[in-house]
Amino acid sequence: MLTVEQNAKLQSLDLALHAMVQGIDILDSVAPINYQEERARFFAGNATENPNFLYKENQFNVFAKKRELYQLPVETLEDDDLTQLYSEVIESYADKLDQFRSVGSEQFMYDSLRYYGEPSDKDIRNAQFVLHVPDSLSKSSGNLLNADAIVAQMHEFAQTHSYRYELVVDGSMIANALVSGTKVKINAAASLGEKEVAALAHHELGVHLVTTLNAQTQPLKVLSLGSPVNTTSQEGIAILCEFLSGNLTVSRLKILALRVLAVKSMLDERDFKRTYQMLLEQYNATEQLAFTITARVYRGGGFTKDYLYLKGFHQILHAYETRDDFVNLLSGKVSLEQLDVVTSLINKSILKAPSYISPAIEKPQKLGEIERFLSLSIK
């Protein structure tokens, strides 16, 4: 247990860090403000001219903000676990600021590479393995649901599990859905099968919203901010919950695999048209899917994050099967690399164990043989 004086220092630093990083949202900053218009122009021109995506301007003085972050007195915390946690989160936000500053420029790709990395040879092999599975093994996802029907399903899921949330329909999104705080955004153009919607609920609400809500119950705000590159772990848990709920399909795994190859193409080709054509001609993606995946990896100037979904799923599936403290990954925006530290802080009663547990983790469903084989074959 911390002394009163130690706790006061911790609370002061925690609040200061939280205040400093407000507004630093990479996903929001790389969302093109003219996405719909550029998609329409791309198809009207028969895919012969690359989109020209535009982005919101940011008002941050990056140098001044970094100086503020590095002046936080982390060394006064007097607990090795806390010192490690806060030091790594501060370093993470310093890297995010570089990305934030370079959105829309060629430099952004290099900042993204430094933060997220790039697909390894193993990642590429895993993606190609998944893509060699015959499409005939993909099961039907059921009747297609529009955005209003998806919202209704999401409402039902959230209310069943007593989540605090706000659902909105957004016409400017690339993704089908995303969670920002407790706000769940649904793409106005989304059209998904019933099984895909169920997977989306377990992914967005059962993980991303759950970890947000758990972070908000913590005595410290640091777990709301996110561990360094927690994307790999958080997206890995989200895919795991699609899997454990029985809603992870071959088609979904193939989309994750295509994202890996699209990131590789983006880094090699640096040409939107070529990546788009590669997905069409080599992997038989539909025009709409090829455009969406390509836009995701070229947004901001070159965003490498999307290869992490398949990699994260493999890492998290292993952790799920081997770690006794696995559920502590749900206590906030925690990365697998920081699980030991977070578990130690929970054991010392400095942090709290998660209040909400993802439904798919709490009550796993019987899994399909094909999906189970594929998932366990990813190395």
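Axes are lines fitted to C-alpha atoms, for helices over the stretch in contact, and angles run from 0 to 180 degrees between N-to-C directions. Helices are DSSP runs (H or I, at least four residues), numbered from the N terminus. The model is predicted, so local features need pLDDT of at least 70 and side-chain atom pairs count only at pLDDT 80 or more, whereas totals for chains, interfaces and linings use all residues. Residues are numbered from 1 along each chain as its sequence is written, and side-chain values use heavy atoms, with hydrogens and water left out.

Two packed helices are described by the angle between their axes and the distance between the axes. Helix α7 (residues 121–131) and helix α12 (residues 250–269) cross at roughly 140°, and their axes come within 8 Å. Helix α7 is therefore oblique to α12, a class for angles that are not under 35 degrees (roughly parallel), over 145 (roughly antiparallel) or 65 to 115 (roughly perpendicular). Contact, meaning heavy atoms within 4.5 Å, involves residues including Ile124, Ala127 and Leu131 of α7 and Leu253, Ala257 and Leu261 of α12. By class, this contact of α7 with α12 has nine nonpolar, one polar and three charged residues; Ala, Val, Leu, Ile, Met, Phe, Trp, Tyr, Cys and Pro count as nonpolar, Asp, Glu, Lys and Arg as charged, and the others, Gly among them, as polar.

Helix α1 (residues 4–20) packs against helix α5 (residues 80–102) at an angle of about 15°, with the axes 12 Å apart. Helix α1 is therefore roughly parallel to α5. Leu10, Leu13, Asp14 and Leu17 of α1 meet Leu82, Tyr86, Val89 and Ile90 of α5 in this contact, which has seven nonpolar, no polar and one charged residues.

How values were computed
Helix = DSSP H or I, 4+ residues; strand = E, 2+ residues; numbered from the N terminus.
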